[in-house]
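Here are my notes on this model, as numbered points. Please read them beside the coordinates.

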Amino acid sequence: MDIKVIVGDIAQIEADAIVVNLFEGVEQPGGATAAVDKALDGAISSLISRGEIKGKFGEVNIVHTFGKLPARIVAIAGLGKRQDFNADKIRRVAGEFCRALRKLNCHKIATILHGAGMGGIELESSAEAIAEGALLGLYSFTKYKKSEYEDIEEMVIVIREEEKVSILERAVGKSKLVAEATNLARDMGNEPANYMTPSQMAEAAKEIASKYNLEFKVFDREDMEAMGMGALLGVAKGSNQPPKLITLSYKGDERSEKAIGLLGKGITFDSGGISIKPSEGMGDMKDDMAGAAAVMTALGAIAQLKLKINVTAIIPATENLPSGTALKPGDVLKASNGKTIEVISTDAEGRLILADALSYAQKLGLSPLIDLATLTGACRVALGTLYSGLFGNDQDLVDKVLRTAARTGERMWQMPMPEEYKEQNKSEIANVKNTGNRYGGAITAALFLSEFVDNTTWVHIDIAGTAFSNKESGYIIKGATGVGVRTLVELALSEAKSQEAI
Ligand code: BES
Ligand code: MN
Ligand code: ZN
């Protein structure tokens, strides 16, 4: 979909649909909604007074114009209560009205800048949120089945201020790039595991690398053996698909040696291994590489933005399957930092592959480290499907990620890492074991990872609850959500800005 910013009067735009809005509880609409209402001889205000249009958050009411306006349809987007309003609500509303209008066979739509007037949101933030919400909300995975609907080909954002056009176009451009990166991560997560194998992950990374001029490396089983990556190789043992350790590097600041490390769990299918999972819902475990997809596609976006920073993504990729050669409960593995690990459950495989990836990231001198992983069902139990769990060994870095995430609408919640729980990861026969007891599972998993982080600042984001959605809402679509991409790009943006300031 093309998104344009133009100066004009929304009521006069030729399009299939024009979109105005209403806050909940407002009886007499103002601004652009009032102008459109007038052109419709008061149809909107009369529907409000009859209680048909309420402005409830996320509701999209349709009024047909029957020739009173150039547009065929007027959509009134409900913004909810004004005191609860924020930029993420604009994203969600944009997702909702775009899908509603696509169902009504609209190919060209026009919208005002929601929330910019009474909502108190800056014009730029509103444009950014509309573009992002629209592009994310209209996503569908169409590789194996045609979409039910025709695409909306064009959305125009109609503004009043001539002098704002170029700045808003830039905002829309950035959103487009970030949304496309997110949608690419969604495609990868939705791709069935028979296609999205570790080798295919490497291909996808290679494609991103050649498109955006990144350095690409892939290490095979023999390379990993030479590097002593016994934990990653242990997980890979059960599968016929060869494991891959993939790195992508973006160098935007040649003068600096420093580089941020982004790590992503890349289990292309998690059956649990010998500690096999129940079959119900097991298919969703094709998205157990959501962290890997997020860091890869974020790197592509960072490169397109030409940010003056260095970033390297590290992706350990393998399947986790049971077989005659598979890892077994009770086995002991040796990670590349020399630590031995007793495997209690082969289903706690994410922390095993990340142990070697974290060690490798430190060998490369990357700092800070940020890992994204669909790591524990316990995190989903603790925080539900809206919040990712955030862990870290440095409060400043944690705060920075939280602040950044809040701007993108990707909700995160800091979780504690109490020393006392480390007890749970103690093994009788090895340096650590890979599961704790029944309680605090997301925390003991994070504490396990911390065993493989020595002298660098590090944040771990558990996206087990947020990476896959079973329902459609706002700009979230059923299936892989692409969570993390937007926060990683935003982090890189703010990092590049703070570098400039020095
Ligand atoms: N990939 C799963 C975690 C997961 C669960 C992601 C649900 C998304 C939705 C992970 O590898 C796993 O199986 N974790 C185990 C750990 C346990 C064996 C300690 C879990 O959460 O059950
Ligand atoms: Mn598992
Ligand atoms: Zn897993």
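1. Start with Lys265. Its relative accessibility is 2%, so Lys265 counts as buried. The cut-off for buried is under 20% relative accessible area. Keep in mind throughout that this is a predicted model.

2. Lys265 matters here as a metal donor. Its NZ atom is one of the protein donors of the zinc ion (ligand 3).

3. What is the geometry of the site of the zinc ion (ligand 3)? The site is octahedral, with angles of 79 to 174° among its 6 donor atoms. For six octahedral donors the ideal angles are 90 or 180 degrees.

4. Along the sequence, the zinc donors follow the spacing K-x4-D-x17-D-x60-E. Lys265 and Asp288 link distant parts of the chain, 23 residues apart. Lys265 sits in the loop between strand 9 (260-264) and strand 10 (266-270). Asp288 sits in the loop between strand 10 and helix 9 (290-304). Asp288 has 3% relative accessibility, so this residue counts as buried too.

5. The manganese ion (ligand 2) is coordinated by Asp270 (OD), Asp347 (O), Asp347 (OD) and Glu349 (OE). The distances are 2.1 to 2.2 Å. Note that Asp347 is listed with both O and OD.

6. Why is the arrangement around the manganese ion (ligand 2) irregular? Its 6 donor atoms subtend angles of 70 to 168°, and this makes the arrangement irregular. An octahedral label needs opposite donors over 155 degrees apart and all others between 65 and 115.

7. The manganese donors are spaced D-x76-D-x1-E in sequence. Asp270, in strand 10, and Glu349 link distant parts of the chain, 79 residues apart. Glu349 lies in the loop between strand 13 (340-342) and helix 10 (350-363).

8. Which residue bridges the manganese ion (ligand 2) and the zinc ion (ligand 3)? Asp270 does, and the two ions lie 3.2 Å apart. Asp270 counts as buried because its relative accessibility is 3%. Glu349 is buried as well, with a relative accessible area of 1%.

9. Next, the nonpolar packing. The largest nonpolar core has 61 residues. Those with the most contacts inside it are Ile18, Val36, Val74, Phe97, Leu101 and Ile109. Helix 4 (residues 123-137) supplies the largest share of this core, 8 residues. Apart from this core lies another, of 56 residues, among them Met188, Tyr250, Leu372 and Leu493.

10. Val74 is worth a look. Leaving out residues up to four places away in sequence, its contacts include Ile18, Val36, Leu40 and Ile62. Asn61 and Thr65 are also among them.

11. Gln424 is placed in the loop between strand 16 (412-414) and strand 17 (432-433). At 16% relative accessibility, Gln424 counts as buried. Beyond residues up to four places away in sequence, Gln424 touches Lys433, Thr435, Gly436, Asn437, Tyr439 and Thr444.

12. Finally, the overall picture. The protein has 14 helices and 20 strands. The C-alpha atoms fill a box of roughly 80 × 50 × 40 Å along the principal axes. Buried residues make up 57% of the 502 residues. Of the contacts between residues at least 6 apart in sequence, 77% join residues at least 24 apart. The accessible surface is about 21000 Å², and 49% of it belongs to carbon and sulfur atoms.

Definitions and conventions
Residues are numbered from 1 along each chain as its sequence is written. Chains are lettered from A and ligands numbered from 1 in the order in which they are written. This is a predicted model: local features need pLDDT of at least 70, side-chain atom pairs count only at pLDDT 80 or more; totals for chains, interfaces and linings use all residues. Side-chain values use heavy atoms; hydrogens and water are left out. Donors are N, O and S atoms within 2.8 Å of the metal (3.2 Å for Na, K and Ca); water is not among the atoms, so sites may look incomplete. Four donors count as tetrahedral if all angles lie between 85 and 135 degrees; four count as square planar and six as octahedral if opposite donors are over 155 degrees apart and all others between 65 and 115; anything else is irregular. Helices (H or I, at least four residues) and strands (E, at least two) are DSSP runs, numbered from the N terminus. Buried means under 20% relative accessible area, exposed over 50%, partly exposed in between (1.4 Å probe, protein chains only). A nonpolar core is a set of buried Ala, Val, Leu, Ile, Met, Phe, Trp, Tyr and Cys residues joined through side-chain atoms within 4.5 Å. Contact means heavy atoms within 4.5 Å. Accessible areas come from the Shrake-Rupley method with a 1.4 Å probe; for residues, only the protein chains shown count as cover.
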